[in-house]
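This report walks through one protein model for a reader who is meeting it for the first time. Please keep the sequence and the 3D view at hand while reading.

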Amino acid sequence: MAEALPTDPLRHHGDVEVRGSDLLDLAVNVYPGPRPGWLDAALRASLDDVGAYPDPTRAERAVAARHARPASEVLATAGAAEAFSLVARLRPWRRPVVVHPQFTEPHAALEQAGHRVTSVLTRAADGFALDPAAVPDDADLVVVGNPTNPTGRLHPVDDLLALRRPGRLVLVDEAFIDTVPGEAGTLAGAPAEGLVVLRSLTKHWSIPGVRAGYLLGTPDVVAALRRGQVPWSVSTTAAAAIEACCTPLALAEAERRARTIAGWRTHLVDSLTALGTTTLPSRTSFLLARLGEGGRERLRAQGVAVRRCDTFPGLDAGWARVAVRPPDVTDRLVAALRAGPAAPAPAPAPVQPRVQEDP
Ligand SMILES: Cc1ncc(COP(=O)(O)O)c(C=O)c1O
């Protein structure tokens, strides 16, 4: 039996599925390795400065240099999550669109700001490909993830750029692009009118407790988003993390981690495929697996947590999001899948209309 939906599905996140439990965690997409020494040193050293109010100027300059953009095009944020509410409150959006299935915080933030959201659904049958023509012409805000959580889909840059229109803001959430070797497909270094790119430092650097992220956009949009920020929202420690993660040493380590993840993912895909479990092609640190309804609950009974997917618009309880982990951890997942009772035949994914207006 599939579990009942949480009361607020858009505000459900993977961390809740492991909180306070001793389950094997394949639900949270944080890199499962120790913090590099240079990052640890920067975080600890930042405590010497917490007697003063935080100032993200140095962090923003470091981000600007890393992406070869002027500092006026950078805004440090308290994690990527802060940026969603800043964007939601930026303008009186007439037709904000969220491309689903994707991370639900932007949708929740838009609703919280009083907007009525239009969902444009990508579909499993198309590998969750983005069709820019499916976005209504009058959309003045379009939010899309790249690579997308939870589908793992990396959209081609041209499809993302094709979303731009006069008077429209396109928000590309690149929270997981650092897991893609070479950051293939990033738009962070490509300034464009009407484009805002969002980055998170919390997953790849295993510091979700330090709210560190940033966004990149044209100077006018960045200045307007800055005006909406709560004063001092980026703490001294978060600013130190942002700065530390922009050095050449950090970028080299980020690339090593991305390549490691790609190797681990091959093992995960091969293992699940050998069990007869359908997976969708992923370019990032998690993937969608068709465990069938009740499959996630059976895994929990075996001590393994994967992320439920029925809280994502456009997905049903037959899907689970599985974090990419080192081979020995994947092997424990496989053992649990083998030990569980046979999964029922996977239900076909329901066909939904592509554009859905929220009530
Ligand atoms: C796709 C996506 N974007 C943004 C975020 C928020 O990231 P942060 O921890 O930087 O606030 C998450 C967190 O899980 C995410 O999955």
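How do the residues of the lining of the largest pocket divide into nonpolar, polar and charged? They divide into 11 nonpolar, nine polar and seven charged residues, where Ala, Val, Leu, Ile, Met, Phe, Trp, Tyr, Cys and Pro count as nonpolar, Asp, Glu, Lys and Arg as charged, and the others, Gly among them, as polar.

The model is predicted, so local features need pLDDT of at least 70 and side-chain atom pairs count only at pLDDT 80 or more, while totals for chains, interfaces and linings use all residues. Residues are numbered from 1 along each chain as its sequence is written, and side-chain values use heavy atoms, with hydrogens and water left out.

**The largest pocket**

The volume of the largest pocket is about 560 Å³. A pocket is here, on a 1 Å grid over the protein atoms alone, an open set of points where a 1.4 Å probe fits, with protein on both sides within 12 Å along at least five of seven lines, and lining residues have an atom within 4 Å of a point. The lining consists of 27 residues, and His13, Phe103, Phe176, Thr202 and Lys203 are those that lie nearest the centre of the pocket. Helix 3 (residues 79-88) gives the largest share of this lining, three residues; helices (H or I, at least four residues) and strands (E, at least two) are DSSP runs, numbered from the N terminus. At least three lining residues come from each of domain 1 (9-33 + 251-344) and domain 2 (37-247), with bounds taken from an automatic or database domain assignment.

**Cores and helix 7**

The largest nonpolar core has 44 residues, and Leu39, Trp205 and Ile242 touch the most other members. Such a core is a set of buried Ala, Val, Leu, Ile, Met, Phe, Trp, Tyr and Cys residues joined through side-chain atoms within 4.5 Å, and buried means under 20% relative accessible area, exposed over 50%, and partly exposed in between (1.4 Å probe, protein chains only). Helix 7 (residues 236-244) supplies the largest share of this core, five residues, and eight of the nine residues of helix 7 are buried. Among the elements that cover these buried residues are helix 1 (37-46), strand 8 (212-216) and helix 8 (248-274). Leaving aside neighbours within four places in sequence, Leu39 is in contact (heavy atoms within 4.5 Å) with Trp205, Ile207, Ala241, Ala244 and Cys245. A second, separate core of 23 residues includes Ala80, Val87, Trp93 and Leu169.

Val196, in strand 7 (residues 195-200), counts as buried because its relative accessibility is 1%. Among the residues that Val196 touches, not counting those up to four places away in sequence, are Leu169, Leu215 and Gly217. Val196 and Gly217 are 21 residues apart in sequence, yet 4.6 Å apart in space, C-alpha to C-alpha.

**Backbone details**

Most residues other than glycine have a negative phi, and most peptide bonds are trans.

| Cis peptide bond | Omega |
|---|---|
| His100 to Pro101 | near -5° |
| Asn146 to Pro147 | about -10° |

Pro101 lies in the loop between strand 3 (96-100) and helix 4 (105-112), and Pro147 in the loop between strand 5 (141-145) and helix 5 (157-161). Although it is not a glycine, Ala68 has a positive phi of about 55°, and at 70% relative accessibility Ala68 counts as exposed. Trp232, also not a glycine, has a positive phi of about 60°, and at 52% relative accessibility Trp232 counts as exposed.

Notes
Grid points are joined across faces, edges and corners, and a volume is the space filled by probe spheres set on the points.
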